[in-house]
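Subject: Structure handover

Hello,

Here is the structure I said I would pass on. My notes on what was found follow below it.

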Amino acid sequence: MHGGDIYRNNIHYDFSVNLNPLGFPSEVQWVLTEAAIHANKYPDIYHEQLVKDTAELFDVRQEEIVYGNGASELIMAICHAFSPKKAMLITPCFLGYERCLKGASHNCEIINYGLLEEDDFNLTDAFLESLSSVKPQLLFLTNPNNPNGLTVKKELLEKIVKVCESQGTILVIDECFLPLTGREKELSLAYKIRGCKGVIVIRAFTKSFAIPGVRLGYAICSRKTIADDIKMHLPEWNLSIFAQMAGVQCLKQLDFINEAAELINRERSFLSMELTNLGFKVYPSDANYILFKADNLDLKEKLLEYSILIRECDDFTGLDKGYYRVAVRNHNENSGLLTALENVINE
């Protein structure tokens, strides 16, 4: 269901998870080490400093921010808070949405809007008609989408927000990968949420700062009442003192994200071109990962022989055997992947 299974495989290069290829800042490492000294204390139940700094960054009210133990906890809490009878997903997409919807509302009707391969899995204006027809209570939208990595066009996103507001649909937009595209300020709803009625923006430090083991995410809500409803479905002390201290430090390291985005854009072009040269069908991406299609249906297993892990995508709705996703890593790692792939092909 997810990448990152390094515990049951002997892995040297993990291309199955899409983390910042620069790793995490040294300042965050120092703070995590310091947090161990405070492990004998309860963390702040209100995450006060973390919430305050986040509100200042996005120019929103503190009451509109909800912090969680990773984005996954927030997605589950959102589904429980609204317990929708009808929800809409744009597929292929992150598998966690469907799991949380089914867990929170057993009778929820889940409508899948399938992206087309001939459109390179790009979301187009044709979606608006379907959205208006279905009228879901909850719409999950990922920007950029996972697993193909394309961002939603700014004009289309504005139209989606208007349709959702006109029919009372709560829009949950997952922007966990957006900072690493280098287009965050241009495309993020987090900076424009003040004028919205029913929007929830989900973010996480996991991908941007490569700290999945810390577990830290947050939601910015367009209304305090939405935030309050989500908080009612979260446990007390859901953030460790490690997560709180790391998060405060991460918010001071935004230049680190810009540096990573430059590397990713450069290496994504290189990796996409070389994968194409190897004969794979490569789909356009704006993110730090690439979806491609291969005739070799055992590619994941064969790369494990080289201690390389990639993400097989046949469990995504709308995809089948032969689709794979790889993260964009640093140049040496990307070159190592390409060499292994060339060896597999030549075998």
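Ring pairs join F58, Y67, Y191, F205, F209, Y218 and F256 into a cluster. Rings of Phe, Tyr and Trp (its six-membered ring) pair if their centres lie within 6.5 Å; planes under 30 degrees apart count as stacked, over 60 as edge-to-face and the rest as tilted.

Before the rest, two notes on the source. This is a predicted model, in which local features need pLDDT of at least 70 and side-chain atom pairs count only at pLDDT 80 or more, while totals for chains, interfaces and linings use all residues. Residues are numbered from 1 along each chain as its sequence is written, and side-chain values use heavy atoms, with hydrogens and water left out.

Aromatic pairs

The structure holds 18 aromatic pairs. One of them is F58 with Y191, a tilted pair at 4.9 Å centre to centre and 50° between the planes. This pair links distant parts of the chain, 133 residues apart: F58 is in helix α2 (residues 48-58), and Y191 is in the loop between α7 (184-187) and β7 (199-204). Helices (H or I, at least four residues) and strands (E, at least two) are DSSP runs, numbered from the N terminus.

F58 counts as buried because its relative accessibility is 3%, and Y191 counts as partly exposed because its value is 26%. The cut-offs are under 20% relative accessible area for buried and over 50% for exposed, with partly exposed in between (1.4 Å probe, protein chains only).

In α2, the residues L50, V51, D53, T54, A55 and F58 are buried. Their cover includes β2 (65-68), α7, β7, β8 (217-221) and α10 (241-250); contact means heavy atoms within 4.5 Å. Just after α2, D59 has a positive phi of about 55°.

In α5 (residues 126-134), F127, L128, L131 and V134 are buried. Seen down the axis of α5, these buried residues fall within an arc of 135°, so they line one face of the helix. The arc is taken from the directions from the helix axis to the C-beta atoms. E129 and S133 are exposed on the other side of α5. The buried residues of α5 pack against β3 (86-91), β4 (109-114), β5 (138-142) and α6 (154-167). K135 follows α5 and has a positive phi, near 50°.

The open sheet

Four strands make an open sheet in the order β9-β10-β13-β12, with antiparallel pairing. Two strands pair if DSSP finds at least two bridges between them. At the edges are β9 (281-282) and β12 (311-312), each of which pairs on one side only. Helix α11 (residues 254-277) packs on the sheet and touches β9, β10 and β13; its direction makes about 10° with that of β10. Here axes are lines fitted to C-alpha atoms, for helices over the stretch in contact, and angles run from 0 to 180 degrees between N-to-C directions.

Strands β10 (residues 289-293) and β13 (residues 323-327) run antiparallel and are joined by five bridges. Y289 has A327 in β13 as its bridge partner. R325 lies over the face of Y289, at 5.9 Å from the ring centre. For this, NZ of Lys or CZ of Arg must be within 6 Å of the ring centre and within 35 degrees of the ring normal.

Regards
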